[in-house]
Amino acid sequence: HTTPKPFPNDFLWGASTSAYQVEGASESHGKGPSIQDLHHPADLSDFSVASDHYHHVEEDVALMKELGLKAYRFSISWSRIFPKGKGEINPEGVAFYHTLIDRLVASGIEPVVTLYHFDLPLALYENGGWSNRETIDAFAQYAKTLFQEYGDKVKYWLTINEQNVMINHPAAMNPGKTPTNKELYQQNHHMLLAGAIATNLCHELVPEGKIGPAPNIIAVYPKTCKPEDVVAADNWEAIRNWLYLDVAVKGVYNPIAWAYMEEKELVPRMEAGDMDLLASAKPDFLGVNYYATATVSAAKNDGHDRAPRNGDQQTMVGEEGVYRAETNDLLETTEFGWQIDSVGLRTTLRRVYDRYHLPILITENGIGARDALEDDGTVHDAYRVDYLRRHFEQARLAFSDGVDLIGYCPWAFMDLVSTHQGYQKRYGFVYIDRQEKDLKTLQRVKKDSFAWYQNVIATNGSRM
Ligand code: BG6
(Lines give C-alpha, C1' and ligand atoms only; values in the text may rest on other atoms or scores of the structure.)
Protein backbone atom coordinates (compact mmCIF):
# COMPACT_ATOMS: atom_id res chain seq x y z
CA HIS A 1 0.00 0.00 0.00
CA THR A 2 1.49 3.32 -1.01
CA THR A 3 -1.50 5.05 0.56
CA PRO A 4 -2.54 3.25 3.72
CA LYS A 5 -6.19 3.39 4.70
CA PRO A 6 -7.17 5.72 7.54
CA PHE A 7 -7.86 4.09 10.91
CA PRO A 8 -11.60 3.43 11.39
CA ASN A 9 -13.50 6.15 13.27
CA ASP A 10 -14.29 3.94 16.25
CA PHE A 11 -10.69 2.73 16.62
CA LEU A 12 -9.92 2.05 20.28
CA TRP A 13 -6.82 4.11 20.98
CA GLY A 14 -5.95 2.91 24.43
CA ALA A 15 -3.28 2.15 26.98
CA SER A 16 -2.68 -0.80 29.30
CA THR A 17 -1.62 -1.66 32.83
CA SER A 18 -2.09 -4.58 35.19
CA ALA A 19 -3.28 -4.57 38.79
CA TYR A 20 -0.24 -5.72 40.75
CA GLN A 21 2.11 -3.56 38.68
CA VAL A 22 0.31 -0.26 39.40
CA GLU A 23 -2.09 -0.48 42.31
CA GLY A 24 0.01 -0.85 45.44
CA ALA A 25 -2.08 -1.34 48.62
CA SER A 26 -1.01 -4.92 48.09
CA GLU A 27 -1.70 -6.12 51.61
CA SER A 28 -4.17 -3.58 52.89
CA HIS A 29 -7.77 -2.51 52.23
CA GLY A 30 -8.83 -6.13 52.56
CA LYS A 31 -6.70 -7.50 49.75
CA GLY A 32 -5.20 -10.96 50.19
CA PRO A 33 -1.67 -11.70 48.98
CA SER A 34 -1.03 -12.96 45.45
CA ILE A 35 1.99 -14.91 44.26
CA GLN A 36 3.46 -11.64 42.97
CA ASP A 37 3.71 -10.28 46.50
CA LEU A 38 6.31 -12.97 47.18
CA HIS A 39 8.13 -12.64 43.89
CA HIS A 40 10.57 -9.77 43.65
CA PRO A 41 14.35 -9.75 43.61
CA ALA A 42 15.78 -8.13 46.76
CA ASP A 43 17.37 -5.15 44.97
CA LEU A 44 14.21 -4.26 43.06
CA SER A 45 10.97 -2.52 43.93
CA ASP A 46 8.28 -4.68 45.49
CA PHE A 47 4.57 -4.32 44.81
CA SER A 48 3.49 -2.85 48.13
CA VAL A 49 3.19 0.68 46.70
CA ALA A 50 3.97 0.21 42.98
CA SER A 51 2.57 3.35 41.28
CA ASP A 52 0.11 3.90 44.14
CA HIS A 53 -2.75 3.88 41.66
CA TYR A 54 -5.05 2.65 44.42
CA HIS A 55 -4.80 6.09 46.03
CA HIS A 56 -4.61 8.11 42.79
CA VAL A 57 -7.57 6.77 40.82
CA GLU A 58 -9.23 10.13 40.36
CA GLU A 59 -6.06 11.84 39.20
CA ASP A 60 -5.04 8.93 36.96
CA VAL A 61 -8.37 8.77 35.15
CA ALA A 62 -8.31 12.55 34.73
CA LEU A 63 -4.95 12.13 32.97
CA MET A 64 -6.36 9.38 30.77
CA LYS A 65 -9.16 11.74 29.78
CA GLU A 66 -6.68 14.50 29.04
CA LEU A 67 -4.69 12.09 26.90
CA GLY A 68 -7.90 11.39 24.98
CA LEU A 69 -7.93 7.63 25.54
CA LYS A 70 -10.84 5.77 23.99
CA ALA A 71 -10.04 2.63 25.97
CA TYR A 72 -8.14 1.67 29.11
CA ARG A 73 -7.02 -1.90 29.57
CA PHE A 74 -6.40 -2.87 33.19
CA SER A 75 -6.68 -6.05 35.21
CA ILE A 76 -8.68 -6.79 38.30
CA SER A 77 -6.74 -8.25 41.19
CA TRP A 78 -8.32 -11.62 41.96
CA SER A 79 -7.16 -11.53 45.59
CA ARG A 80 -8.53 -8.01 46.07
CA ILE A 81 -11.98 -9.40 45.25
CA PHE A 82 -11.51 -12.80 46.93
CA PRO A 83 -8.65 -12.45 49.45
CA LYS A 84 -8.26 -16.23 49.58
CA GLY A 85 -9.06 -16.79 45.91
CA LYS A 86 -12.57 -18.07 46.70
CA GLY A 87 -15.17 -17.92 49.42
CA GLU A 88 -15.45 -14.61 51.18
CA ILE A 89 -15.61 -11.40 49.15
CA ASN A 90 -13.78 -8.16 50.06
CA PRO A 91 -16.43 -5.43 49.60
CA GLU A 92 -13.83 -2.67 49.59
CA GLY A 93 -12.09 -4.29 46.65
CA VAL A 94 -15.38 -4.62 44.77
CA ALA A 95 -16.10 -0.94 45.45
CA PHE A 96 -12.63 0.12 44.28
CA TYR A 97 -13.20 -1.25 40.78
CA HIS A 98 -16.70 0.28 40.66
CA THR A 99 -15.09 3.65 41.33
CA LEU A 100 -12.46 3.12 38.65
CA ILE A 101 -14.96 1.84 36.06
CA ASP A 102 -17.50 4.58 36.82
CA ARG A 103 -14.86 7.25 36.36
CA LEU A 104 -13.74 5.71 33.08
CA VAL A 105 -17.26 5.48 31.73
CA ALA A 106 -18.02 9.05 32.84
CA SER A 107 -14.87 10.16 31.00
CA GLY A 108 -15.94 8.44 27.77
CA ILE A 109 -13.25 5.74 28.12
CA GLU A 110 -14.15 2.13 27.30
CA PRO A 111 -12.95 -0.17 30.11
CA VAL A 112 -11.18 -3.31 28.85
CA VAL A 113 -10.86 -5.68 31.79
CA THR A 114 -8.38 -8.54 32.12
CA LEU A 115 -9.65 -11.11 34.60
CA TYR A 116 -6.25 -12.48 35.52
CA HIS A 117 -2.81 -11.00 34.86
CA PHE A 118 -0.08 -13.11 36.53
CA ASP A 119 -1.33 -12.55 40.10
CA LEU A 120 -2.78 -15.84 41.28
CA PRO A 121 -4.08 -15.56 44.86
CA LEU A 122 -1.45 -17.01 47.18
CA ALA A 123 -4.00 -19.16 49.03
CA LEU A 124 -4.79 -20.97 45.75
CA TYR A 125 -1.11 -21.30 44.91
CA GLU A 126 -0.48 -22.93 48.25
CA ASN A 127 -3.27 -25.36 47.50
CA GLY A 128 -1.66 -26.54 44.26
CA GLY A 129 -2.39 -23.51 42.07
CA TRP A 130 -3.24 -24.39 38.49
CA SER A 131 -2.17 -28.00 39.02
CA ASN A 132 -5.30 -28.41 41.12
CA ARG A 133 -8.59 -28.57 39.23
CA GLU A 134 -10.26 -26.75 42.14
CA THR A 135 -8.55 -23.59 40.89
CA ILE A 136 -10.71 -23.82 37.76
CA ASP A 137 -13.83 -23.70 39.96
CA ALA A 138 -12.42 -20.77 41.93
CA PHE A 139 -11.72 -18.90 38.70
CA ALA A 140 -15.27 -19.61 37.47
CA GLN A 141 -16.70 -18.20 40.71
CA TYR A 142 -14.45 -15.15 40.44
CA ALA A 143 -15.30 -14.53 36.77
CA LYS A 144 -19.02 -14.90 37.46
CA THR A 145 -18.76 -12.39 40.30
CA LEU A 146 -17.06 -9.85 38.02
CA PHE A 147 -19.56 -10.30 35.20
CA GLN A 148 -22.46 -9.86 37.63
CA GLU A 149 -20.89 -6.86 39.36
CA TYR A 150 -19.51 -4.93 36.40
CA GLY A 151 -21.23 -6.51 33.37
CA ASP A 152 -23.64 -3.62 32.88
CA LYS A 153 -20.72 -1.18 32.53
CA VAL A 154 -17.96 -3.23 30.92
CA LYS A 155 -18.32 -4.61 27.41
CA TYR A 156 -14.73 -5.76 26.65
CA TRP A 157 -13.16 -8.56 28.67
CA LEU A 158 -9.95 -10.55 28.45
CA THR A 159 -9.67 -13.94 30.13
CA ILE A 160 -6.02 -14.65 30.95
CA ASN A 161 -2.98 -12.50 30.20
CA GLU A 162 -0.07 -14.24 28.46
CA GLN A 163 -0.88 -17.80 29.40
CA ASN A 164 1.89 -18.88 27.01
CA VAL A 165 4.45 -16.79 28.90
CA MET A 166 3.32 -18.36 32.18
CA ILE A 167 4.02 -21.80 30.70
CA ASN A 168 7.23 -21.02 28.84
CA HIS A 169 8.75 -18.68 31.45
CA PRO A 170 7.42 -20.04 34.72
CA ALA A 171 9.97 -18.58 37.13
CA ALA A 172 8.17 -15.26 37.71
CA MET A 173 4.88 -17.07 38.42
CA ASN A 174 6.26 -19.57 40.90
CA PRO A 175 7.69 -18.05 44.07
CA GLY A 176 8.31 -21.60 45.31
CA LYS A 177 9.64 -24.45 43.25
CA THR A 178 9.44 -24.10 39.47
CA PRO A 179 7.12 -26.87 38.24
CA THR A 180 8.30 -29.53 35.79
CA ASN A 181 7.27 -29.20 32.15
CA LYS A 182 4.86 -32.07 32.62
CA GLU A 183 3.16 -30.19 35.42
CA LEU A 184 3.17 -26.92 33.46
CA TYR A 185 1.32 -28.49 30.53
CA GLN A 186 -1.20 -29.88 32.99
CA GLN A 187 -1.64 -26.37 34.39
CA ASN A 188 -1.95 -25.10 30.85
CA HIS A 189 -4.84 -27.47 30.19
CA HIS A 190 -6.59 -26.30 33.34
CA MET A 191 -6.11 -22.64 32.41
CA LEU A 192 -7.53 -23.36 28.95
CA LEU A 193 -10.61 -24.87 30.62
CA ALA A 194 -10.85 -21.87 32.95
CA GLY A 195 -10.68 -19.51 29.95
CA ALA A 196 -13.44 -21.47 28.20
CA ILE A 197 -15.72 -21.35 31.24
CA ALA A 198 -15.18 -17.60 31.60
CA THR A 199 -15.91 -17.07 27.91
CA ASN A 200 -19.21 -18.94 28.17
CA LEU A 201 -20.16 -17.17 31.42
CA CYS A 202 -19.52 -13.80 29.83
CA HIS A 203 -21.84 -14.64 26.97
CA GLU A 204 -24.52 -15.77 29.42
CA LEU A 205 -24.26 -12.91 31.88
CA VAL A 206 -23.06 -9.80 30.05
CA PRO A 207 -25.41 -8.22 27.56
CA GLU A 208 -23.35 -7.34 24.48
CA GLY A 209 -20.25 -8.65 26.25
CA LYS A 210 -17.19 -9.38 24.14
CA ILE A 211 -14.43 -11.58 25.47
CA GLY A 212 -11.18 -13.07 24.25
CA PRO A 213 -7.78 -14.36 25.39
CA ALA A 214 -4.66 -12.15 25.58
CA PRO A 215 -1.59 -14.26 24.78
CA ASN A 216 1.83 -12.96 23.79
CA ILE A 217 1.79 -13.62 20.06
CA ILE A 218 4.83 -12.84 17.95
CA ALA A 219 5.78 -13.82 14.45
CA VAL A 220 8.82 -16.06 14.15
CA TYR A 221 11.45 -15.97 11.42
CA PRO A 222 13.66 -18.83 10.28
CA LYS A 223 17.29 -17.75 10.59
CA THR A 224 17.91 -18.70 6.93
CA CYS A 225 15.91 -20.13 4.06
CA LYS A 226 17.41 -23.53 4.78
CA PRO A 227 14.37 -25.83 4.78
CA GLU A 228 15.26 -27.26 8.22
CA ASP A 229 15.25 -23.74 9.69
CA VAL A 230 11.78 -23.20 8.24
CA VAL A 231 10.52 -26.37 9.90
CA ALA A 232 12.05 -25.21 13.20
CA ALA A 233 10.25 -21.86 12.88
CA ASP A 234 6.97 -23.64 12.14
CA ASN A 235 7.48 -25.78 15.23
CA TRP A 236 8.17 -22.70 17.34
CA GLU A 237 5.01 -21.06 16.07
CA ALA A 238 2.86 -24.13 16.73
CA ILE A 239 4.23 -24.70 20.24
CA ARG A 240 4.52 -21.07 21.36
CA ASN A 241 1.61 -19.39 19.55
CA TRP A 242 -0.99 -21.64 17.95
CA LEU A 243 -1.24 -24.15 20.80
CA TYR A 244 -2.94 -21.43 22.85
CA LEU A 245 -5.04 -19.76 20.19
CA ASP A 246 -6.17 -22.97 18.44
CA VAL A 247 -7.70 -24.20 21.70
CA ALA A 248 -9.20 -20.80 22.55
CA VAL A 249 -10.69 -20.21 19.10
CA LYS A 250 -11.27 -23.63 17.56
CA GLY A 251 -11.44 -25.78 20.68
CA VAL A 252 -8.76 -28.18 19.41
CA TYR A 253 -5.16 -28.83 20.32
CA ASN A 254 -2.79 -27.87 17.50
CA PRO A 255 -1.54 -31.12 15.87
CA ILE A 256 2.13 -30.08 15.69
CA ALA A 257 2.13 -28.92 19.30
CA TRP A 258 0.31 -32.11 20.27
CA ALA A 259 2.93 -34.28 18.57
CA TYR A 260 5.61 -32.35 20.48
CA MET A 261 3.70 -32.87 23.74
CA GLU A 262 3.44 -36.60 23.03
CA GLU A 263 7.12 -36.92 22.23
CA LYS A 264 8.13 -35.03 25.38
CA GLU A 265 5.49 -36.80 27.50
CA LEU A 266 3.68 -33.57 28.26
CA VAL A 267 0.15 -34.61 27.28
CA PRO A 268 -2.16 -33.53 30.10
CA ARG A 269 -4.61 -35.76 31.94
CA MET A 270 -8.11 -34.97 30.82
CA GLU A 271 -11.51 -35.64 32.22
CA ALA A 272 -14.62 -36.60 30.25
CA GLY A 273 -16.19 -33.48 28.78
CA ASP A 274 -13.03 -31.36 28.74
CA MET A 275 -12.74 -31.24 24.95
CA ASP A 276 -16.48 -30.52 24.57
CA LEU A 277 -16.15 -27.63 26.98
CA LEU A 278 -13.17 -26.24 25.07
CA ALA A 279 -15.09 -26.56 21.80
CA SER A 280 -18.14 -24.77 23.21
CA ALA A 281 -16.36 -21.49 24.02
CA LYS A 282 -16.20 -18.95 21.20
CA PRO A 283 -14.19 -15.78 21.74
CA ASP A 284 -15.40 -12.59 20.07
CA PHE A 285 -11.98 -11.05 19.51
CA LEU A 286 -8.33 -11.72 20.22
CA GLY A 287 -6.03 -9.69 22.42
CA VAL A 288 -2.44 -9.72 21.15
CA ASN A 289 0.56 -8.66 23.24
CA TYR A 290 3.49 -7.96 20.92
CA TYR A 291 7.00 -6.76 21.78
CA ALA A 292 9.27 -8.20 19.07
CA THR A 293 9.59 -11.16 16.74
CA ALA A 294 11.54 -14.35 17.45
CA THR A 295 14.16 -15.94 15.21
CA VAL A 296 15.09 -19.62 15.31
CA SER A 297 17.08 -22.21 13.39
CA ALA A 298 17.10 -26.00 13.37
CA ALA A 299 18.20 -27.42 16.72
CA LYS A 300 21.80 -28.58 16.94
CA ASN A 301 21.30 -30.43 20.20
CA ASP A 302 24.76 -29.40 21.40
CA GLY A 303 23.73 -27.84 24.70
CA HIS A 304 23.32 -24.32 23.23
CA ASP A 305 19.90 -24.38 21.59
CA ARG A 306 18.25 -22.73 24.56
CA ALA A 307 20.74 -19.93 25.11
CA PRO A 308 18.78 -16.69 25.25
CA ARG A 309 20.25 -14.06 23.04
CA ASN A 310 20.37 -10.33 23.67
CA GLY A 311 19.91 -10.12 27.38
CA ASP A 312 16.67 -11.38 28.69
CA GLN A 313 14.06 -10.84 26.06
CA GLN A 314 11.44 -12.95 27.74
CA THR A 315 9.69 -14.31 24.70
CA MET A 316 12.75 -15.58 22.96
CA VAL A 317 14.15 -18.80 24.32
CA GLY A 318 14.97 -21.94 22.36
CA GLU A 319 14.59 -25.53 23.49
CA GLU A 320 17.33 -28.09 23.33
CA GLY A 321 16.76 -30.46 20.44
CA VAL A 322 13.58 -28.67 19.31
CA TYR A 323 14.59 -25.24 17.97
CA ARG A 324 17.58 -23.03 18.50
CA ALA A 325 17.24 -19.41 19.65
CA GLU A 326 18.97 -17.02 17.27
CA THR A 327 19.79 -13.33 17.24
CA ASN A 328 18.28 -11.43 14.35
CA ASP A 329 21.29 -9.32 13.36
CA LEU A 330 19.14 -7.04 11.23
CA LEU A 331 17.24 -5.60 14.18
CA GLU A 332 18.14 -2.89 16.69
CA THR A 333 17.86 -3.55 20.40
CA THR A 334 16.71 -1.41 23.31
CA GLU A 335 18.96 -0.57 26.24
CA PHE A 336 17.40 -3.56 28.01
CA GLY A 337 18.39 -5.88 25.17
CA TRP A 338 14.93 -6.32 23.66
CA GLN A 339 14.87 -6.30 19.88
CA ILE A 340 12.79 -3.76 18.00
CA ASP A 341 10.81 -4.98 14.99
CA SER A 342 7.93 -2.78 13.94
CA VAL A 343 7.44 -4.60 10.61
CA GLY A 344 7.16 -7.81 12.62
CA LEU A 345 3.99 -6.39 14.16
CA ARG A 346 2.41 -6.19 10.69
CA THR A 347 3.47 -9.77 9.97
CA THR A 348 2.13 -10.96 13.33
CA LEU A 349 -1.25 -9.29 12.84
CA ARG A 350 -1.60 -10.66 9.31
CA ARG A 351 -0.74 -14.22 10.41
CA VAL A 352 -3.14 -14.16 13.35
CA TYR A 353 -6.00 -12.68 11.35
CA ASP A 354 -5.42 -14.96 8.40
CA ARG A 355 -5.60 -17.97 10.72
CA TYR A 356 -8.59 -17.04 12.91
CA HIS A 357 -10.59 -14.30 11.16
CA LEU A 358 -11.43 -12.65 14.47
CA PRO A 359 -11.11 -8.93 15.29
CA ILE A 360 -7.79 -8.13 16.98
CA LEU A 361 -7.09 -5.70 19.80
CA ILE A 362 -3.41 -5.01 20.44
CA THR A 363 -3.39 -5.34 24.22
CA GLU A 364 0.32 -4.60 24.79
CA ASN A 365 3.26 -3.14 22.89
CA GLY A 366 5.86 -0.65 24.04
CA ILE A 367 9.42 0.11 24.99
CA GLY A 368 10.97 -0.15 28.43
CA ALA A 369 13.63 2.49 29.11
CA ARG A 370 15.45 4.36 31.87
CA ASP A 371 13.51 7.61 31.50
CA ALA A 372 14.89 10.61 33.34
CA LEU A 373 12.98 13.37 35.07
CA GLU A 374 14.77 16.65 34.27
CA ASP A 375 15.18 19.46 36.78
CA ASP A 376 12.53 21.48 34.96
CA GLY A 377 9.98 18.68 35.43
CA THR A 378 10.05 17.33 31.86
CA VAL A 379 10.74 13.82 30.59
CA HIS A 380 12.16 13.61 27.08
CA ASP A 381 11.36 10.14 25.74
CA ALA A 382 11.89 10.65 22.01
CA TYR A 383 12.83 6.96 21.69
CA ARG A 384 9.33 6.02 22.87
CA VAL A 385 7.69 8.32 20.34
CA ASP A 386 9.90 6.85 17.63
CA TYR A 387 9.16 3.27 18.72
CA LEU A 388 5.39 3.80 18.87
CA ARG A 389 5.24 5.81 15.66
CA ARG A 390 6.91 3.02 13.74
CA HIS A 391 4.62 0.40 15.28
CA PHE A 392 1.48 2.47 14.71
CA GLU A 393 2.45 2.84 11.05
CA GLN A 394 2.82 -0.91 10.70
CA ALA A 395 -0.49 -1.50 12.47
CA ARG A 396 -2.10 0.85 10.00
CA LEU A 397 -0.53 -1.09 7.12
CA ALA A 398 -1.84 -4.34 8.59
CA PHE A 399 -5.30 -2.77 8.79
CA SER A 400 -4.93 -1.67 5.16
CA ASP A 401 -3.93 -5.24 4.28
CA GLY A 402 -7.34 -6.38 5.51
CA VAL A 403 -6.73 -7.21 9.17
CA ASP A 404 -9.76 -6.36 11.33
CA LEU A 405 -7.77 -4.37 13.87
CA ILE A 406 -10.12 -2.73 16.38
CA GLY A 407 -7.71 -0.97 18.70
CA TYR A 408 -4.24 -0.45 20.06
CA CYS A 409 -3.38 -0.34 23.76
CA PRO A 410 0.33 0.42 24.25
CA TRP A 411 2.09 -0.77 27.37
CA ALA A 412 1.80 1.24 29.51
CA PHE A 413 -0.44 4.13 30.48
CA MET A 414 1.86 5.00 33.39
CA ASP A 415 5.19 3.82 34.71
CA LEU A 416 4.85 0.64 36.70
CA VAL A 417 6.85 -2.15 38.26
CA SER A 418 8.19 -4.20 35.38
CA THR A 419 7.79 -7.94 35.68
CA HIS A 420 11.51 -8.57 35.46
CA GLN A 421 13.35 -5.27 36.17
CA GLY A 422 11.45 -3.43 38.85
CA TYR A 423 11.00 0.33 38.53
CA GLN A 424 14.19 1.18 36.66
CA LYS A 425 12.55 0.05 33.41
CA ARG A 426 9.75 2.44 32.54
CA TYR A 427 7.03 2.07 29.93
CA GLY A 428 4.50 4.83 30.60
CA PHE A 429 3.21 7.97 28.91
CA VAL A 430 3.01 9.25 32.47
CA TYR A 431 6.14 9.32 34.63
CA ILE A 432 5.76 8.41 38.29
CA ASP A 433 8.20 10.22 40.55
CA ARG A 434 9.71 7.34 42.50
CA GLN A 435 12.80 5.19 42.27
CA GLU A 436 13.39 1.52 42.92
CA LYS A 437 13.28 1.84 46.71
CA ASP A 438 12.85 5.59 47.26
CA LEU A 439 9.15 6.45 46.97
CA LYS A 440 9.82 10.21 46.58
CA THR A 441 6.66 12.20 45.76
CA LEU A 442 4.80 9.68 43.56
CA GLN A 443 3.81 12.71 41.54
CA ARG A 444 2.44 12.17 38.02
CA VAL A 445 4.43 13.87 35.25
CA LYS A 446 3.46 13.90 31.56
CA LYS A 447 6.32 12.74 29.35
CA ASP A 448 6.91 14.12 25.85
CA SER A 449 5.25 10.96 24.49
CA PHE A 450 2.04 12.02 26.28
CA ALA A 451 1.61 15.13 24.14
CA TRP A 452 2.58 13.19 21.04
CA TYR A 453 0.03 10.40 21.68
CA GLN A 454 -2.62 12.98 22.52
CA ASN A 455 -2.19 14.40 19.04
CA VAL A 456 -2.20 10.96 17.42
CA ILE A 457 -5.52 10.17 19.08
CA ALA A 458 -7.00 13.59 18.33
CA THR A 459 -6.21 13.13 14.62
CA ASN A 460 -7.23 9.44 14.67
CA GLY A 461 -3.74 8.45 13.65
CA SER A 462 -3.57 10.64 10.56
CA ARG A 463 -0.80 12.73 12.17
CA MET A 464 1.95 10.76 13.80
C1 BG6 B 1 4.23 -8.62 29.33
C2 BG6 B 1 3.37 -8.58 30.56
O3 BG6 B 1 4.85 -9.86 29.36
O4 BG6 B 1 5.28 -7.74 29.19
C5 BG6 B 1 3.54 -7.33 31.40
O6 BG6 B 1 2.03 -8.84 30.26
C7 BG6 B 1 4.98 -6.92 31.43
O8 BG6 B 1 3.01 -7.61 32.67
C9 BG6 B 1 5.41 -6.59 29.99
O10 BG6 B 1 5.25 -5.84 32.27
C11 BG6 B 1 6.83 -6.11 29.87
O12 BG6 B 1 7.73 -7.00 30.44
P13 BG6 B 1 8.75 -6.51 31.56
O14 BG6 B 1 9.46 -7.72 32.03
O15 BG6 B 1 9.65 -5.54 30.89
O16 BG6 B 1 7.92 -5.87 32.60
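A crossover between two strands is called right-handed if, with the strands pointing away from the viewer, the path from the first strand over the helix to the second runs clockwise. In this predicted model, β12, α13 and β13 form such a right-handed β-α-β unit. Strands β12 and β13 belong to an open sheet of 8 strands with parallel pairing. The points below cover that sheet, the unit within it, a second group of strands and the ligand surroundings.

**The open sheet**
- The strands of the sheet follow the order β5-β4-β3-β2-β1-β13-β12-β7.
- The edges are held by β5 (210–214) and β7 (286–289); each has a single partner strand, so one side of each is left without a neighbour in the sheet.
- From one strand to the next, the twist averages 30°.
- Strand β3 (residues 110–116) pairs with strand β4 (residues 156–161) in the parallel sense, over 4 bridges.
- Within this pairing, Val112 has Tyr156 of β4 as its bridge partner.

- Helix α13 (residues 382–400) lies across β12 (360–364) and β13 (405–408), and its direction is at about 170° to that of β13.
- Strands β12 and β13 run parallel and are joined by 3 bridges; Leu361 has Gly407 in β13 as its bridge partner.
- Strand β12 also pairs with β7 in the parallel sense, over 4 bridges. Here Val288 stands opposite Ile362 in β12.
- Because 5 of the 5 residues of β12 are buried, β12 is largely enclosed by the rest of the structure.

**Strands β6, β8 and β9**
- Strand β8 (residues 294–297) runs parallel to strand β6 (residues 220–222), and 3 bridges join them. Tyr221 has Thr295 in β8 as its bridge partner.
- Strand β8 runs antiparallel to strand β9 (residues 324–325), with 2 bridges joining them. In β9, Ala325 is the bridge partner of Val296.
- Ala294 and Val296 point one way from β8, while Thr295 and Ser297 point the other way; all of them are buried.

**Around the ligand**
- There are 16 residues around the ligand, and Glu162, Gly368, Ser418, Thr419 and His420 come nearest.
- Sorted by class, the shell around the ligand has 11 polar, 3 charged and 2 nonpolar residues.

Terms used: Residues numbered from 1 in each chain as written. Predicted model: local features only at pLDDT ≥ 70, side-chain atom pairs only at ≥ 80, totals over all residues. Near = placed C-beta within 6 Å. Nonpolar A, V, L, I, M, F, W, Y, C, P; charged D, E, K, R; others polar. Pairing = 2+ DSSP bridges. Axes fitted to C-alpha atoms, helices over the stretch in contact; angles between N-to-C directions. Contact = placed C-beta atoms within 7 Å. Buried ≥ 20, exposed ≤ 12 C-beta atoms within 10 Å, placed from the backbone.
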